[in-house]
Every structure is written in structure tokens, then in C-alpha cells.
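I opened my notebook to look through one model, step by step. Here is what I looked up, in the order I looked it up.

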Amino acid sequence: MTAVAAPSHRVGSLVEQFQFGLDAPICLTWELTYACNLSCVHCLSSSGRRDPRELSTAECKAVIDELERMQVFYVNIGGGEPTVRPDFWELVDYATDHHVGVKFSTNGVKITPDVARRLADSDYVDVQISLDGATAEVNDAVRGVGSYETALRAMRNLADAGFTGFKISVVMTRHNIGQLDEFKAIADRFDAQLRITRLRPSGRGADVWDELHPTAAQQRTLYDWLLARGDNVLTGDSFFHLAGYGEALPGLNLCGAGRVVCLIDPVGDVYACPFAIHESFLAGNVRGSGGFTEVWRHSELFTDLRRPQTGGACSSCSAFDACRGGCMAAKFFTGLPLDGPDPECVKGHGESALAGVDGASAPRPSLDHSHRSRPVPVTLGSRPPVSACNENPLAGLGAPGR
Amino acid sequence: MSTDRIGQSLASAFELDHGWRLHPQVSIRPERFGALLYHFGTRRLSFLKNRTLLTVVSSLESERSARTACVAAGVGADEMPAYVSALAGLAASSMICERTAP
């Protein structure tokens, strides 16, 4: 347990400070490639095929040099499936040699016993295995046939190598909320840590959101479970919209997009958050003259996000201080206004707002790297839920400044 | 939150007159409000909520004791308990450690 260490006079709360942005992100997601061996139906980056414009090894190293100068403590690497990049391990080594820790998200396809032993030896690398069902049936319907076994084999290899505390990352859907205890049991079995995150209507997730997002009753189940059993469960702060039920969940109950969080995509584009791959949230590119630093510190979009935001239609709601209007990306990709309720608003305001939206008019993701040859049936598909800024940047802290 | 209580009980045990230092696996990043600390071993993040505390923590290694680090940073006697509590919290989460410790 880490305490917020400090006499608190003279400064506002940390949340207030964070809203104005930091000199460098706390939690940076970097998707190294759009290539993926899977085609998960809810892939938030619509991954599948590599993009020919992806950053070269040298360009990736230049980004790492910059992150070192900015003192970014660690990056969350995802994709696509990042481990299919031939230079993946070279980049991981380069980052850790330059004091940038790495946590990478994988479907487990390359986590052999040899790789697991190497990973277990490093203090500066953390691994997150994606799993969206506690049983093969539930998992493979979303992530593709065989993906459950691939993930479990990777977990066994890590555990056998003595790698404790790796993360098992689950996107919560209508079909797996009933498996929360089973997910926890799997994590306990491997001496791993469970991490659950919210399904967003981003990327291909927009196509399946209506069918897969939790029902109102399931949201309540999830919230109650987190309060009762969520002590050692990470959430990437992704359920802060549930704070509207009453009690704040641990972590930073604030949308960190462009303030403490951002995404670098495989071609070097910088977006406000991993769930917002759309030109409306594109702040710049690391190939620009000022590099990532310039985009983070001075881009018009990020400067704008760091101004005080208005609650719009939510301002008069009793829960607004708790949920802050919810997730920007969830609103955007369901066609809702950004200054109104979250589509999964626990007070039910999202449902009524959605009723007034023509689904066909909701913005579509700007990019699509999905496999062309493989149809993606709604009931059978795959791809890892690319890391988001899913690791709670404030893991272990109480609500700061409160 | 219970951290305040924990802080107080720890503070009584904090060795203010011993030599301290930043844990070798911890990085500090100064920010406008103070600083962020990250421990690569525990993968925990922590905060220093003002610049004076940042000065104290940064000078621990070169100062004879935590007390002299506080005094050199301009911490007055009335403020000292708050700083001791903060340092105790950092010690409890292994962000700082005694210089004699391995």
C-alpha cells in the first residue's frame, strides 16, 4: 500500500492538478503494430493487418529515447499483437536499458517456456495476458477458436518460470460478468493478478457493443463485486462511471485522456486515449519536428482537453461529482454528445439519450486494419483487447487528494 | 481514509536522525505540484505533493540525516510532524530506505 505522501497544504487536490495535465504522461499506451494473429470481435484498434507506415526499429528507439528524457516511468505496449514484430524483444530490451519500464499486452502466442524464463528474470518487464472468458466457450466466441488454450498455455509457462504477479486482463462483457469469481480463481491459481476493464464501442467494438456490453443489472453486479472482492483486482480506472452508484471505486475517478494518459499508435499518431482512435482525438505524430514531447506538451487538442470541462446536460445530476460524465470515447462512438451522459450511465440517462440517436450516424473509427480474408462473425472471432491505459496508474492508492 | 492513521503510527517509529536515501529502484519526476515517484520493483506510483518535500527527498542521500535534510530544505518546527509523517509513508512503501540497509 502506497500512501499519498505529503503535507497537503498549498496545493489543490491531485485530481485538480491532473486535470491541468502533467509534463509527461503517467500512463502511456504504445501500440507497436496493427498486425495480429487473432481477430477479436471487440478489438478497439480494428487490428489484423500490419500498416506499411509503421514506425521502424530506429524510429521506435528514438521514441524510447524521448520517453527516457521525459522520465516516462513505463509504457504499456500493445497492438495488434506486439510480439509478432520481429524487433519486439530488441525494443523491450532497449526500453528497459534506457530506464523505461515495459508492460506488454499479449494473447500469449509467443510466450514459450524460454521466453517466460527470460521475462521472469527482468524486474522491468511486466506481462499481461488477455482472456475474455473463464471458459474456452465464452472466451473463444469473442477472441477466436483456440485462443483460450493459447492464453492458458502462456500463463502456465510464466508460472512455471517463476514469474509471479503477471496480469490476466479481461474485458467485461454480457457473457463473462457471471464468471468474475472464476476469473479470480484462475488468477489465484497462477499467482497472477486479475485486471478487468470496460468494453468500449471503439474499433470493431462498435459493431458488437449493443450485443456485448453489460446490462444495467450486470453493471450493478460488477460494482458490488468490485466493492466486495476487488481489493487486489486492477481496473485501469475504467469503471469510474459506476461511481454514480454511490461509492467511489479505488483509483483516479477522472478521464485522463490527454491529461495523464495518451496513445501512440503503430504509425506514430498520438491520440488522447487508446479508446479514441479517430481523427477527432488525433493530437499529432511523433514523426513531427518536435517529436512526442511537442505533441504532449503543446498540441492544440491536448491543450484544449486540459481546460476546465463543463458537465453539460450532466451538470445538474447528483452523481456528476462522482462519475464526471463518464467515458469520452464511449459517448463519441455511440453518437452521444461529449458533454452529456455516458451510454452506460448508472442513472439510466444514457439509455434515454441513446434512444434519440440514429445509430447509423454515430462516428465510425477512422482506421480499419481488420483481416480482409477472414470474415468476423459476431459469435466467433478474435484479437486481444489491446492494452489500454488499463493498468491503474494509481494502483494501490486511495482516491488522491480526497 | 485510513492512511492518515497509518501515517501517524508509523511516524512515531520513523528514525528521523538516521541517514536515508531514495530506494535504488525508484525514479523521481518533478512536476509543477511536486513530483511523481515510481518504484520499478513494486510497480507502485506515489506522489510528493509539494516542492519542499521534493527537495527533502532529493537531498536525503547527501544529508547526514532525514532531520538535517528537512532543516536544510527550510521545514519549520511546526511543519516537521507533517514531513515526518510523509517520510514515514515513503519508507513504509519502500520508496526510501535507510542508508545502512542492504
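**Entry 1: a pair of strands.** I note at the start that this is a predicted model. I began with strand β2 of chain A, residues 74-78. β2(A) pairs with β3(A) in the parallel sense, over 4 bridges.

Entry 2: A:Lys103 has A:Asp126 in β4(A) as its bridge partner. To get from β3(A) to β4(A), the chain passes through helix α4 (residues 113-120) of chain A, and this β-α-β crossover is right-handed.

**Entry 3: the strand in between.** How many residues of β3(A) are buried? I checked residues 101-106 and found 6 of 6 buried. Next I asked which way they point. A:Gly101, A:Lys103 and A:Ser105 point one way, while A:Val102, A:Phe104 and A:Thr106 point the other way. I wrote down the general rule beside this: in a regular strand, side chains alternate between the two faces of the sheet.

**Entry 4: cysteines.** A:Cys60 is buried because its relative accessibility is 1%. A:Cys262 is buried too, at 0%.

**Entry 5: a histidine in a loop.** A:His42 sits in the loop between β1 (27-31) and α2 (57-69) of chain A. Is A:His42 buried or exposed? A:His42 is buried, with a relative accessible area of 3%. I looked for a partner and found A:Asp132: the two side chains make a polar contact at 2.8 Å.

- A:Gly79 and A:Gly80 are joined by a cis peptide bond, with omega about 20°. A:Gly80 is in the loop between β2 and α3 of chain A.
- A:His99 is not a glycine, yet its phi is positive, about 65°. A:His99 lies in the loop between α3 and β3 of chain A. A:His99 is exposed, at 54% relative accessible area.
- A:Arg324 is not a glycine either, and its phi is positive at about 55°. A:Arg324 lies in the loop between α12 (320-323) and α13 (328-333) of chain A. A:Arg324 counts as partly exposed, at 34% relative accessibility.

**Entry 6: the whole chain.** Last, I took the totals. Chain A has 14 helices and 9 strands. Of its 402 residues, 62% are buried. I looked at contacts between residues at least 6 apart in sequence, and 74% of them join residues at least 24 apart. The accessible surface of chain A is about 14,700 Å², and carbon and sulfur atoms account for 50% of that surface.

Methods. Residues are numbered from 1 along each chain as its sequence is written. Chains are lettered from A and ligands numbered from 1 in the order in which they are written. This is a predicted model: local features need pLDDT of at least 70, side-chain atom pairs count only at pLDDT 80 or more; totals for chains, interfaces and linings use all residues. Side-chain values use heavy atoms; hydrogens and water are left out. Buried means under 20% relative accessible area, exposed over 50%, partly exposed in between (1.4 Å probe, protein chains only). Helices (H or I, at least four residues) and strands (E, at least two) are DSSP runs, numbered from the N terminus. Two strands pair if DSSP finds at least two bridges between them. A crossover is right-handed if, with the strands pointing away from the viewer, the path from the first strand over the helix to the second runs clockwise. A polar contact is a pair of N or O atoms within 3.5 Å; within protein, one must be able to donate a hydrogen and the other to accept it, and residues adjacent in sequence count only if both atoms are side-chain atoms. Contact means heavy atoms within 4.5 Å. Accessible areas come from the Shrake-Rupley method with a 1.4 Å probe; for residues, only the protein chains shown count as cover.
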